[in-house]
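Thanks for coming, everyone. Let me put the chain up on the screen, and then we can walk through it together.

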Amino acid sequence: MYTLEELESIVSKCNRCDLHRGRKNVVFGEGNPNAKIMFIGEGPGYNEDQKGRPFVGRAGKLFDKMLEAIEIRRESVYIANIVKCRPPNNRNPIEMESKTCIEYLRWQVKIIDPDILVCLGAIAAKNIIDSDFKITASRGKWIKKGKFHIIATYHPAALLRDENKKKDAWEDFKSIRDRYMEIVQMSGKDD
């Protein structure tokens with residue numbers, strides 16, 4: 001079993017797919033290593049690649065506001081992506097890239113051992129929940145897989161492109177808050 005630091009060191013040297021050729025920084029993930037909630041996006045964008053941190057651009061600022069609105073601190077969650085290197089021109093990761101990189105995400109999940117997985121966007125949901133997942137039709141529905149409570153909602157970047165999705169995303173985030181509070185109460189402690 002790896003530690004997060006050991007896994008990050010391995011990922012920082014990865015060249016298993018072509019995405020490594022264009023990266024400035026690997027965006028491994030960050031947050032509380034004992035988080036009860038893990039948010040999973042698709043892959044780093046330009047700002048994330050520059051800084052080596054997930055969700056730091058415009059979509060990241062919106063994500064932070066969404067967390068703040070449900071009274072969950074960014075420092076108390078863990079944030080990662082399906083792929084750890086930026087796809088060219090911010091395109092979606094292709095299937096081969098996702099399949100190559102998801103092993104690292106599985107290790108992160110195993111090490112952190114969260115109770116809740118939140119898929120931010122269709123790419124994350126297709127890789128975590130079901131390859132035929134339709135974000136518009138199935139977002140906001142809780143799925144139980146093993147010990148994990150899993151939900152998908154719109155990626156914050158999609159909300160920046162289409163303001164009409166914000167109401168649904170708000171409902172999803174309230175549901176995430178409620179499930180989180182249930183789990184915290186059952187465990188008897190907050191992260």
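Let's start with Glu 103, which counts as partly exposed at 35% relative accessibility; here buried means under 20% relative accessible area, exposed means over 50%, and partly exposed is in between, with a 1.4 Å probe and protein chains only. The side chain of Glu 103 meets that of Arg 16 in a salt bridge, 3.3 Å from N to O. By salt bridge I mean a side-chain nitrogen of Lys or Arg within 4 Å of a carboxyl oxygen of Asp or Glu. Arg 16 sits in the loop between helix H1 (4-12) and strand E1 (30-31), while Glu 103 is in helix H4 (residues 95-112), so the pair ties together parts that are 87 residues apart in sequence. Arg 16 is partly exposed as well, at 42%.

A word on what you are seeing. This is a predicted model, so local features need pLDDT of at least 70 and side-chain atom pairs count only at pLDDT 80 or more, whereas totals for chains, interfaces and linings use all residues. Residues are numbered from 1 along each chain as its sequence is written, and side-chain values use heavy atoms, with hydrogens and water left out.

Back to the charges. How many salt bridges does the structure hold? The count is 16. One of them joins Asp 64 and Arg 74, with the closest N and O atoms 2.7 Å apart. Asp 64 is in helix H3 (residues 58-69) and Arg 74 in the loop between H3 and strand E3 (78-81), 10 residues apart. Asp 64 is partly exposed at 30%, but Arg 74 is buried at 15%. Another salt bridge links Arg 91 and Glu 97, again with closest N and O atoms 2.7 Å apart. Arg 91 is partly exposed at 32%, and Glu 97 is buried at 4%. There is also a network: Glu 30, Arg 53, Asp 64 and Arg 74 are joined by salt bridges that share partners.

Now, the overall fold. The chain has eight helices and six strands; these are DSSP runs numbered from the N terminus, helices being H or I with at least four residues and strands E with at least two. Along the sequence the pattern reads α-β-β-α-α-β-α-β-α-α-β-β-α-α. The radius of gyration is 15 Å, close to the 16 Å that the globule rule gives for 191 residues, so the chain is as compact as a globular protein of that length. That radius is taken over C-alpha atoms, and the rule is 2.2 Å times the number of residues to the power 0.38. Buried residues make up 50% of the 191.

On to the sheet. In what order do the six strands run? They form an open sheet, E1-E3-E2-E4-E6-E5, with mixed pairing; two strands pair if DSSP finds at least two bridges between them. At the edges are E1 and strand E5 (143-145), each pairing on one side only. E1 and E3 are antiparallel, over two bridges, and Gly 31 has Tyr 78 in E3 as its bridge partner.

Strand E2 (residues 37-41) deserves a moment. Five of its five residues are buried, so E2 is largely enclosed by the rest of the structure. Ile 37, Phe 39 and Gly 41 point one way from E2, and Met 38 and Ile 40 the other.

Last stop: Thr 153, in strand E6 (residues 148-153). Is Thr 153 buried or exposed? Buried, with a relative accessible area of 0%. Leaving out residues up to four places away in sequence, Thr 153 touches several residues, including Val 118, Gly 121 and Phe 173, where contact means heavy atoms within 4.5 Å. Gly 121 itself is buried at 5%, in the loop between strand E4 (116-120) and helix H5 (122-128). The C-alpha atoms of Gly 121 and Pro 156 are separated by 8.1 Å, though the two are 35 residues apart along the chain.
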